[in-house]
Amino acid sequence: MTKILVVFGATGQQGGSVANYVLNDPELSKQFQVRAVTRDPSKPAAQALQKDGAEVVKGDIDDKESIKQALHGAHTVFIVTNTVYDDQLRPREFAQGKTAADAAVAAGLQYIIFSTLSNAGKISGGKYKHLDHFDVKYDIEQYIRSLPIKSAFFAPGSFMQNFKSNMSPRPVGDGTYAISNIVTPETRLPLIETVSDSGKYVGAILAEPDKYEGKIFSAATRLYSYEEIVQAISKATGKTVKYNQLPVSVFRGFLPPGAADTLTDMFLYAQDFGYYGPQTEELVEWSAQNARGKVTTLDEYLVKNPIQLQ
């Protein structure tokens, strides 16, 4: 008898990857029926999931009743919260996670997999005070650990997809391009191909839930310095892409006002303490080795998802 796996955010990058991985895995697709939760079942991504065999239901992580309905009769749930950078980020996001976790326990589910992050404020010793989008996920993780239900955790690194959007190279004006940030060129980020690889980490938990109970997958292929990143993009595009370290005051001017403090502190935290803290490299290496399938390198991502530089 198949078990129902509820996937919140099923048309997003993380949830979509989890749903698609399970639907297409020969073993997991026999063990689990995917119930994909989305705010808009008419979306093309939702329709594609349905076509591939998922049950698509309308639901919202902010709507307690829809969460309850989505979890009815299920065995396992993948929970991803929705981060909005404003002054209500922490209480709103904690409420999302707590409500979903409490509902899972009330509905009799056996297992929670939660998309978490490190306790960056504590790791930095309070040096960086605007890391609520990290710390609130850690708070939710600790709350889930206190509940009478088995759990494991997926902590995604920095998305490779960002280099095609908000972190994409910008023209300098002399035919070359630059990626600009405030950190040193040697600063290393753990990069994950979110769309293709999130499901490989969560799939490992689904395949061996007892083995990974209580564990955190610090999910990234490996650490890449900004110098390595621009070299990879230069190679893939045939264009000259350099790294440009900016003063904090200049960098902040390019950021949305509501997210400037958060993003500035996030980059400086990763530079000074490591994205997952002092053991970042070891945590990422263990996670990549335990993923269910080969994870994607930055070079491979850039070949499959070319960055168009005009």
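Predicted model: local features only at pLDDT ≥ 70, side-chain atom pairs only at ≥ 80, totals over all residues.
Helices and strands are runs assigned by DSSP and numbered from the N terminus. Helix 9, residues 226–237, lies across strand 9 and strand 13. Helix 8 is largely enclosed by the rest of the structure, because 11 of its 14 residues are buried.

- Three strands form an open sheet in the order 8-9-13, and their pairing is mixed.
- Strand 8 (170–171) and strand 13 (241–245) are the edge strands, each of which pairs on one side only.
- Strand 9, residues 177–181, pairs with strand 8 in the antiparallel sense over 2 bridges.
- Pro171 has Tyr177 of strand 9 as its bridge partner.
- In general, the strands of a sheet pair through backbone hydrogen bonds, in either a parallel or an antiparallel manner.
- Helix 9 runs at about 155 degrees to strand 13.

**Helix 8**

- Helix 8 comprises residues 194–207 and reaches 19 Å from its first C-alpha to its last, close to the 20 Å expected at 1.5 Å a residue.
- At the start of helix 8, a side-chain oxygen of Glu193 comes to within 2.9 Å of the backbone nitrogen of Val195.
- The buried residues of helix 8 include Thr194, Asp197, Lys200 and Leu206.

**Ser198**

- Ser198 is a residue of helix 8.
- The relative accessible area of Ser198 is 0%, so this residue counts as buried, the cut-off being under 20%.
- Setting aside neighbours within four places in sequence, Ser198 is in contact with Gln14, Ser17, Val18, Phe154, Ile192 and Glu193.

Definitions and conventions. Residues numbered from 1 in each chain as written. Heavy atoms only, no water. Pairing = 2+ DSSP bridges. Helix = DSSP H or I, 4+ residues; strand = E, 2+ residues; numbered from the N terminus. Contact = heavy atoms within 4.5 Å. Axes fitted to C-alpha atoms, helices over the stretch in contact; angles between N-to-C directions. Expected span 1.5 Å × (residues − 1). Buried < 20%, exposed > 50% of the residue type's maximum accessible area, 1.4 Å probe, protein only. Polar contact = N/O pair within 3.5 Å; in protein donor to acceptor, adjacent residues only side chain to side chain.
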